[in-house]
Amino acid sequence: MKALRCLAPHNVQIVEVPNPQPLQHDLLIKPIATGICGTDIEIIEGGVDPAFIRYPITLGHEWVGRVVAATGGSSSILAGSRVVVEGIIPCSLCEECQNGATNRCETYDEIGFTRDGAAAEFISAPEHLAHVLSDNVSDESAALIEPAAVVFQGLTKLDIKSQARILVVGDGTIGLLATAMLKKFTPAHVDVFGIRAEQREMVIKAGATRFITEVAELSNDYHYVIEAAGAIAAVELAISQGRRGAKVLLLGYPEQAARLQLGVHDLINRDLTIYASFSYTRHSWKAVVELLNSGAVDLTFIVTHRFGMEEWHHAIEVLRKSTGQPRGKVLLTLNPH
């Protein structure tokens, strides 16, 4: 079969590889689409912490597919079902897993990082991590469940109170997802700060009260601030905008070598709480699937670009360069149905 593989940093090719051989209680799945994101660029450029990547690797950690067959003889998921599969493969035995923190499993294993991803004709994945999608969920929404679960995991740490004033720093995919997911918490208003004026329509569609591109227009009086841009300047801005007693959530990923200087005296005087959040738990993934299956959330609008697998270099170029046009999630369509 064909697969889009990063053989080593700076070496990406579509290559022929053997079809996956599902283990007992695995599903053989035909991917429909997979998202391409900044983390994929870091994989390609060798910027991911070596503890979280294994080369060569087939790309594709944000994906949706259709079940071809199940092994084990007693599958509850029928062939033909459309599914998403949790990327983190928890051991279920370590202390973290036993406490429900499967995102911190002591044996790190994740599809698209240590296991081959879904940018291929077929993928094999554990059945117990698969979730069947309702017909009302678009392929675009489904492919966004992985990053949406990352966002939801972070939001649940904040214990957001109703009618709060919230600021999201970042107008890209993570910022749009955070804005859309915040509706669940019935805030008084959500401001989004971004640097690309062309994102305004998407930001408002996501549910923002205001889209702000000038720092001077920020209120400096937010109960919760969510950093979703992945840049040190954005982290500094997020910390500066919370009121006394505010909670600040760091969702974006700056480059690995990035360092932040903190004014500890100011943090203490303002009684700030800063949260960092890694990936998602099984609980967060399930919660996002339920939100989409129920129709409470539709993320289709966030997808702005679609390419075939053989056009992967165009997808990467769109992510790397600003064209002055709106840009949300970039998808590779793999096996159209």
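Q: How many bridges join β9 to strand β10?
A: Five, and these two strands, with β10 at residues 189–193, run parallel. Strands here are DSSP E runs of at least two residues and helices H or I runs of at least four, numbered from the N terminus; two strands pair if DSSP finds at least two bridges between them. This is a predicted model, where local features need pLDDT of at least 70, side-chain atom pairs count only at pLDDT 80 or more, and totals for chains, interfaces and linings use all residues. Residues are numbered from 1 along each chain as its sequence is written, and side-chain values use heavy atoms, with hydrogens and water left out.

Q: In what order do the six strands of the open sheet come?
A: Read across, the order is β11-β10-β9-β12-β13-β14, with parallel pairing. At the edges sit β11 (210–212) and β14 (273–276), each pairing on one side only. On average, neighbouring strands are turned by 20° against each other, direction ignored.

Q: Which strands does helix α5 lie across?
A: Helix α5 (residues 173–181) lies across β9, β10 and β12 (222–227), and runs at about 160° to β9. Angles go from 0 to 180 degrees between N-to-C directions, using axes fitted to C-alpha atoms, for helices over the stretch in contact; contact means heavy atoms within 4.5 Å.

Q: Is His 10 buried or exposed?
A: Buried means under 20% relative accessible area, exposed over 50%, and partly exposed in between, with a 1.4 Å probe and protein chains only. His 10 is at 63%, so it counts as exposed. Its phi is positive, about 70°, although it is not a glycine, and it is found in the loop between β1 (2–8) and β2 (11–16).

Q: Where does Gln 163 lie?
A: Look in the loop between α4 (145–157) and β9 (165–169). Gln 163 also has a positive phi, near 70°, and counts as exposed because its relative accessibility is 52%.

Q: Which peptide bond is cis?
A: The one from Tyr 55 to Pro 56, with omega near -5°. Pro 56 is found in the loop between α1 (38–45) and β4 (57–58).

Q: How many residues line the second largest pocket?
A: Rolling a probe the size of a water molecule over the atoms shows where empty space is left. On a 1 Å grid over the protein atoms alone, a pocket is an open set of points where a 1.4 Å probe fits, with protein on both sides within 12 Å along at least five of seven lines; lining residues have an atom within 4 Å of a point. Here there are 15 lining residues, with Met 1, Pro 20, Thr 58, Asp 116 and Phe 122 nearest the centre.
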